[in-house]
Amino acid sequence: MAVMNPTPPRPAGVAPTPPHPAGPASPAPGGAHTATGHTHRSDDQAELLDLEAEVLAEHLASLTAWLPVDEEPRRIVDLGCGTGAGTFALLARFPEAEVTAVDSSAVHLDRLRERAEALGVAGRVRVVRADLDAGRPELGRPELAWASSAMHHLADPGRVLRRVRELLAPGGLFALVEPAGFPRFLPEDAPEDRPGLEERCHTALADHHAEQVPHRGADWGPGLAAAGFTVVGERVVTVHVDRSHGPAVGRYALSGLRRLRGAAARALPAEDLAALDRLLDSEDPRGIGRRGDLAVRTELTAWAARRP
Ligand SMILES: C[S@@+](CC[C@H](N)C(=O)[O-])C[C@H]1O[C@@H](n2cnc3c(N)ncnc32)[C@H](O)[C@@H]1O
């Protein structure tokens, strides 16, 4: 599952960076073109998605356990699957099911396939590379569709919601999971020399994100109803995962704050940028590698919607 990332401003003429935890609304299909540096960015994003999946694993398992399915689904699609946070949680929750994992990023799908092989579940996973904004990939007739942190990246999510309703078997369930925003990692009064730094970074990016990912943080209930679904459940999960969870928390915070720096650098005063650089410096005694007060804080909302 992905919570989302800050979307770096992109130079004119360059296709949008494939999103991770909160990238732009319309990623370049596949996002793997070395000429634009996409391979590197997709690799970074894939790593961030993997770390996020590790940090949020228990929350994802609790969401898949909550899904109000009438019968165990046998055919599942994971839309905007990324590196497979949802795919692997669903395979664990529904041991008889096969998952079709759909994403526009070849890098993410490769990673997902490798992990499926490593976990011995490759036979239960089919990957489909497709831009959900552009086409109508052949996805069979699933009883369960899942989309986590993916819908807000789409250019026309209303169209895709209608498409998902048509796709599902009658009585099938759509699980839509969305984060409130990019996670926070530092206490509000941190760091000591520039308290409130992290929040100022997000404020500096607010206009940019309102333009790039306008659907992020939306209430998806009305959109689901308008697409012909019956919303049968809604659940908010508050996430607070501290360092005692394991080393992934520190690595995820480092990776996430690096991306935040990349996105916000131009909009920050020099003192804030310097403080952010100290936090990201592994040699600096004030660096986040040495902070015991790091935690991943965010909120996820899940909607369960049935095709009548
Ligand atoms: C924030 S990530 C979430 C990944 C995964 N669902 C998770 O929870 O970790 C969003 C994913 O949506 C994919 N994506 C964004 N726009 C897409 C589109 N138009 N068609 C297909 N996939 C898309 C991205 O490549 C990325 O893997």
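**Close-up views of a predicted model**

**View 1. Helix α8 of the predicted model, its span and its buried residues.** Helix α8 covers residues 247-264, and at 1.5 Å a residue its 18 residues should span 26 Å, which agrees with the 26 Å that separates its end C-alpha atoms. The buried residues of this helix are Ala248, Val249, Tyr252, Ala253, Ser255, Gly256, Leu257, Arg259, Leu260, Ala263 and Ala264, a list that includes the arginine Arg259.

**View 2. Strand β7 with its partners β5 and β6.** Strand β7, which runs over residues 295-306, pairs in the antiparallel sense with strand β5 (residues 173-179) over seven bridges, and within this pairing Ala175 has Ala304 of β7 as its bridge partner.

**View 3. His240 in strand β6.** His240 is found in strand β6 and counts as exposed because it has 10 C-beta neighbours inside 10 Å, where 12 or fewer is the limit for that class. Although His240 and Val296 are 56 residues apart in sequence, their C-alpha atoms are 5.5 Å apart in space. When neighbours within four places in sequence are left aside, His240 is in contact with Ala295 and Arg297.

**View 4. Ser149 in the loop between β4 and α5.** The loop that holds Ser149 lies between β4 (144-148) and α5 (157-167). Ser149 is not a glycine, yet the model gives this residue a positive phi of about 55°. Ser149 is also buried, because 28 other C-beta atoms lie within 10 Å, where 20 or more are required.

**View 5. The cis peptide bond from Ala190 to Pro191.** The peptide bond that leads from Ala190 to Pro191 is cis, with omega near -10°. Pro191 is found in the loop between β5 and α6, the latter being residues 197-212.

**View 6. Confidence along the chain and the stretch of residues 7-38.** The mean pLDDT of the protein is 88, and 87% of its residues reach 70 or more.

Conventions. Residues numbered from 1 in each chain as written. Predicted model: local features only at pLDDT ≥ 70, side-chain atom pairs only at ≥ 80, totals over all residues. Pairing = 2+ DSSP bridges. Helix = DSSP H or I, 4+ residues; strand = E, 2+ residues; numbered from the N terminus. pLDDT = per-residue confidence, 0-100. Contact = placed C-beta atoms within 7 Å. Expected span 1.5 Å × (residues − 1).
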